[in-house]
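Me: I'd like to go through this one label by label. Can you tell me what stands behind each term?

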Amino acid sequence: MSKAKKSKRFHYPLEALLKYRIIREKQAEEAYQQAQRKFLQEEQKEKALMQEENNAYVELRSMMESQHVPDMNIIKLRKHHIQILKKKVLEQRKIKLKARDERDLKREKLNQAIKEKKINEKDKEKTKEKWRRLMEKEEVKFLDDIAGIQYTKKMNIEEES
């Protein structure tokens with residue numbers, strides 16, 4: 001916690017640190033937003049792959065249920081395509097989970113940066129309040145001195161007369 005000093009204007013001695021914390025918070029916020037966008041993109045890719053896989057299943061099922069049965073090679077190719085899509089979905093899910101973990105890490109860093117900035121802001125407020133009280137005390141001392149000088153002046157005038 002910083003100390004208040006006598007001065008005409010309030011000067012916070014840790015102003016540079018506060019500015020640094022504000023900049024770090026903005027950077028952490030931008031990093032979090034970027035991680036959030038990446039996570040949403042990966043989630044969209046996963047949904048698209050899952051939809052493609054479902055469409056392939058529906059197409060294969062309709063082929064197999066139709067009255068005229070296609071060549072077995074075509075069915076095998078479709079099944080192979082579905083297996084490839086399953087692998088892609090699993091890989092995409094892993095990528096999405098990694099992006100989610102990265103996003104959560106960035107969120108934690110953002111929360112920490114916000115806490116640090118708030119600590120500095122509270123310290124600045126408390127220091128300013130201490131400065132105000134100190135300056136009020138100084139003003140009271142000054143007024144007391146003036147009153148004391150006038151009183152002694154008045155007493156000296158009364159003694160002389």
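**Core, bridges and surface**

Reply: Let's start inside: the largest nonpolar core has 5 residues, Ala56, Leu60, Ile75, Ile82 and Leu85. Both α1 and α2 supply at least two residues of this core, and α2 gives the largest share, 3 residues. Keep in mind that this is a predicted model, where local features need pLDDT of at least 70, side-chain atom pairs count only at pLDDT 80 or more, and totals for chains, interfaces and linings use all residues. Residues are numbered from 1 along each chain as its sequence is written, and side-chain values use heavy atoms, with hydrogens and water left out.

Me: What makes a set of residues a nonpolar core?

Reply: The members must be buried Ala, Val, Leu, Ile, Met, Phe, Trp, Tyr or Cys residues, joined through side-chain atoms within 4.5 Å. Ala56, Leu60, Ile75, Ile82 and Leu85 make up such a core. Ala56 is also in contact (heavy atoms within 4.5 Å) with His81, Ile82 and Leu85, leaving aside neighbours within four places in sequence.

Me: Why is Lys117 called buried?

Reply: Buried means under 20% relative accessible area, exposed means over 50%, and partly exposed is in between, with a 1.4 Å probe and protein chains only. Lys117 has 16% relative accessibility, so it counts as buried.

Me: Why is Lys115 called exposed?

Reply: Lys115 has 52% relative accessibility, so it counts as exposed. Lys115 is found in helix α2. Lys115 and Arg21 are 94 residues apart in sequence, yet 9.6 Å apart in space, C-alpha to C-alpha.

Me: How do you know that Glu116 forms a salt bridge with Arg21?

Reply: The term needs a side-chain nitrogen of Lys or Arg within 4 Å of a carboxyl oxygen of Asp or Glu. For Glu116 and Arg21 the closest N and O atoms are 3.8 Å apart, so the pair is a salt bridge. This pair links distant parts of the chain, with Glu116 in helix α2 and Arg21 in helix α1, 95 residues apart. Helices here are DSSP runs (H or I, at least four residues), numbered from the N terminus.

Me: How many salt bridges does a search of the whole structure find?

Reply: The search finds 16. One of them joins Glu121 and Lys117, at 3.8 Å from N to O. Glu121 and Lys117 are 4 residues apart in helix α2, so about one helical turn separates them. Glu121 has a relative accessible area of 31%, so it is partly exposed.

Me: What about Arg132 and Glu129?

Reply: Their closest N and O atoms are 3.2 Å apart, and they form a salt bridge. Both lie in helix α2, 3 residues apart, about one turn of the helix. Elsewhere, salt bridges that share partners join Glu25, Lys117 and Glu121 into one network.

Me: What makes Leu14, Leu17 and Tyr20 a nonpolar patch?

Reply: Patch residues need over 30% relative accessible area and no salt bridge, with nonpolar side chains (Val, Leu, Ile, Met, Phe, Trp, Tyr) joined within 5 Å and like charges within 9 Å. Leu14 has 32% relative accessibility, so it counts as partly exposed. Leu14 lies in the segment before α1 (15-65). Leu14, Leu17 and Tyr20 form the patch on the surface, with about 250 Å² of accessible area together; such areas come from the Shrake-Rupley method with a 1.4 Å probe, and for residues only the protein chains shown count as cover.
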